[in-house]
Amino acid sequence: MRRPVALRLSAALATTALAAAAGVVVSMPSASAAVTGSATGYASQNGGTTGGAGGQTVRATTGTAIHQALCGRASASTPITIEVEGTINHGNTAKVSGDSCNTADGVIELKQISNVSIVGVGSGAVFDQLGIHIRESSNIIIQNVTVKNVKKSGSPTSNGGDAIGMESDVRNVWVDHTTLEASGGESEGYDGLFDMKDNTQYVTLSYSTLRNSGRGGLIGSSETELSNGFVTYHHNLYENIDSRAPLLRGGIAHMYNNYYLKLNESGINSRAGARAKVDNNYFKDSKDVLGTFYTDAAGYWQVAGNIFDNVTWSAPGTDTNPAGPNVQSTTTVSIPYSFSLDAANCVPDIVGQTAGANKGLKVSNGSCTPTNPSPNPTTPTPDPTTPTPDPTTPTPDPTQPSGTNLSLGAGADGSSKASGTSFGNVRDGNLSTFWSPAGSTGSVSVKWSSATTVARINIREASGSAGSIGSWRVLNGDTGAVLKSGTGAGAITVPSTSLSKITFEITGSTGTPKVAEFETYAS
């Protein structure tokens with residue numbers, strides 16, 4: 001557990017006073033969709049993140065109006081872009097009911113929904129002491145907004161003290177050009193600025209400013225809650241943060257071209273088997289900016305091109321393993337998407353010109369010069385939680401694989417499980433036991449302690465459930481790359497791949513899918 005520290009606040013914070021009119025929702029043509037640019041990093045994987053592209057665009061000036069827009073859709077997955085202007089606070093944010101939403105008072109609640117964009121426009125959107133909560137949702141974009149002073153204790157409270165918090169089976173979220181800030185640490189009532197837990201994956205935080213907080217953010221709520229990952233942080237400013245920039249428990253994260261200024265106690269804290277790829281960042285006037293801290297559960301990192309400017313390092317101890325002063329890689333991380341790196345020596349300048357809300361939504365293409373982003377998408381991709389199978393991809397190969405079933409004796413985990421079922425049932429060699437997701441979709445993984453080559457898998461359904469599995473995808477659990485997609489259970493040939501984790505994701509089903517065995521083979 002992190003030792004309590006006194007937060008050192010920088011100069012007095014500027015306050016924003018914007019008039020908040022009564023909530024109005026104004027319908028606008030869908031062609032006016034306000035998202036600028038396209039998702040980058042891990043949010044571009046797993047089917048991509050397009051938010052409300054292709055749907056209706058509305059304007060809202062209160063939190064209640066945001067909820068009304070969500071609840072007024074034809075379904076919980078109907079695409080919508082909500083343009084927000086003004087100050088959103090407790091006084092203008094109430095629960096709204098409807099079949100296409102699940103909202104609450106005192107928080108912007110994005111729960112059990114998909115295909116939504118929330119974009120600050122005009123004079124700006126400020127969520128004052130009011131957090132944004134994403135739960136059991138997918139394909140969400142938040143762009144050009146400020147979220148500040150969200151508390152978990154004191155008054156008023158919102159979102160457990162997180163500026164933006166994600167939990168419970170969240171997929172594909174892109175948060176871009178935002179300003180997330182607090183006015184102190186936990187003793188002042190604040191928690192994290194950007195938190196992910198309970199199976200949150202494929203998230204990118206880009207061109208954002210996080211400042212004046214005890215905690216920048218976390219991935220995973222405990223050393224045993226390791227279902228999160230595939231998160232990208234790039235071109236962000238972390239300023240006057242005590243720790244968690246971020247705290248990474250398990251999973252993979254990629255940090256590149258970020259500017260870390262005044263990390264007071266620790267920075268990127270890789271723990272519990274996590275692997276961080278840390279490229280071309282600039283660390284200045286900070287302490288223990290990379291390593292494993294406050295635990296003996298080690299994490300790992302791959303580093304290249306970073307600049308450490310006036311960084312101090314603690315001596316190693318039982319619960320302290322700083323990466324410096326002689327910073328070296330301790331693992332390798334494969335990144336499945338393309339990206340362009342700015343030189344680390346220009347990161348303070350390029351981040352200073354681009355990061356945060358109301359900065360013109362400029363980006364960098366790796367040339368150290370702010371540019372306008374590529375045009376935003378005009379049509380949505382399929383909901384990443386229920387993708388349409390590639391019509392060119394064959395259904396499972398009917399030929400049963402031969403050789404040693406590599407799953408026997410391996411580990412297993414997954415996204416969720418129905419009561420009375422277990423992830424371990426898929427690799428025990430017993431066809432009478434099985435795993436089922438908590439709903440009609442979900443994923444289960446087989447994992448090994450070291451890299452293992454897999455070329456074929458065999459999905460065996462439990463007795464009485466044959467034909468329940470509809471569409472699926474097979475993913476490289478190390479990188480998130482899709483190895484194959486198709487329909488129906490059975491033998492599946494995938495590209496021969498060396499990996500430590502392979503995932504079978506059910507994206508469509510009829511009835512209750514029951515996987516008795518998830519067999520893996522080298523050939």
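What is the handedness of the link of Cys 71 and Cys 101? In this predicted model, the link is right-handed, with 100° about the S-S bond. The bond joins Cys 71 to Cys 101 at an S to S distance of 1.9 Å. Distant parts of the chain are brought together here: Cys 71 belongs to helix H1 (residues 63-71), while Cys 101 sits in the loop between strand E3 (80-88) and strand E4 (108-111), 30 residues apart. Both Cys 71 and Cys 101 are buried.

A search of the whole structure turns up two disulfides. The other pair is Cys 346 and Cys 368, with the sulfurs 2.0 Å apart. Cys 346 is in the loop between strand E27 (320-322) and helix H2 (347-354), and Cys 368 is in the loop between strand E28 (363-364) and strand E29 (370-371), a separation of 22 residues. This disulfide is left-handed because the torsion about its S-S bond is about -75°. Cys 346 is buried, at 11% relative accessible area, whereas Cys 368 is partly exposed at 24%. Counting bonded cysteines along the chain, the pattern is 1-2, 3-4.

Attention now turns to the charged side chains. Side chains of opposite charge can pair when their charged atoms come close. The model has 17 salt bridges. One of them pairs Asp 191 with Arg 215, the closest N and O atoms being 2.7 Å apart. Asp 191 lies in the loop between strand E11 (179-184) and strand E12 (194-197), and Arg 215 in strand E14 (residues 209-215), 24 residues apart. Asp 191 is buried, with a relative accessibility of 14%, and Arg 215 is buried at 11%. These two residues also belong to a network of salt bridges that links Lys 152, Glu 186, Asp 191 and Arg 215.

Glu 223 and Arg 249 form another salt bridge, at 2.9 Å from N to O. Glu 223 is in the loop between strand E15 (218-219) and strand E16 (229-234) and Arg 249 is in strand E18 (residues 247-249), so the pair ties together parts 26 residues apart in sequence. Glu 223 is partly exposed, at 25% relative accessible area, while Arg 249 is buried at 8%.

A further residue to look at is Asp 413, in strand E30 (residues 411-414). With 17% relative accessibility, Asp 413 counts as buried. The side chain of Asp 413 makes a polar contact of 3.2 Å with that of Lys 447. Leaving aside residues up to four places away in sequence, Asp 413 touches Phe 423, Val 444, Ser 445, Lys 447 and Lys 501.

Notes:
Residues numbered from 1 in each chain as written. Predicted model: local features only at pLDDT ≥ 70, side-chain atom pairs only at ≥ 80, totals over all residues. Heavy atoms only, no water. Disulfide = S-S within 2.5 Å. Helix = DSSP H or I, 4+ residues; strand = E, 2+ residues; numbered from the N terminus. Buried < 20%, exposed > 50% of the residue type's maximum accessible area, 1.4 Å probe, protein only. Polar contact = N/O pair within 3.5 Å; in protein donor to acceptor, adjacent residues only side chain to side chain. Contact = heavy atoms within 4.5 Å. Salt bridge = Lys/Arg side-chain N within 4 Å of Asp/Glu carboxyl O.
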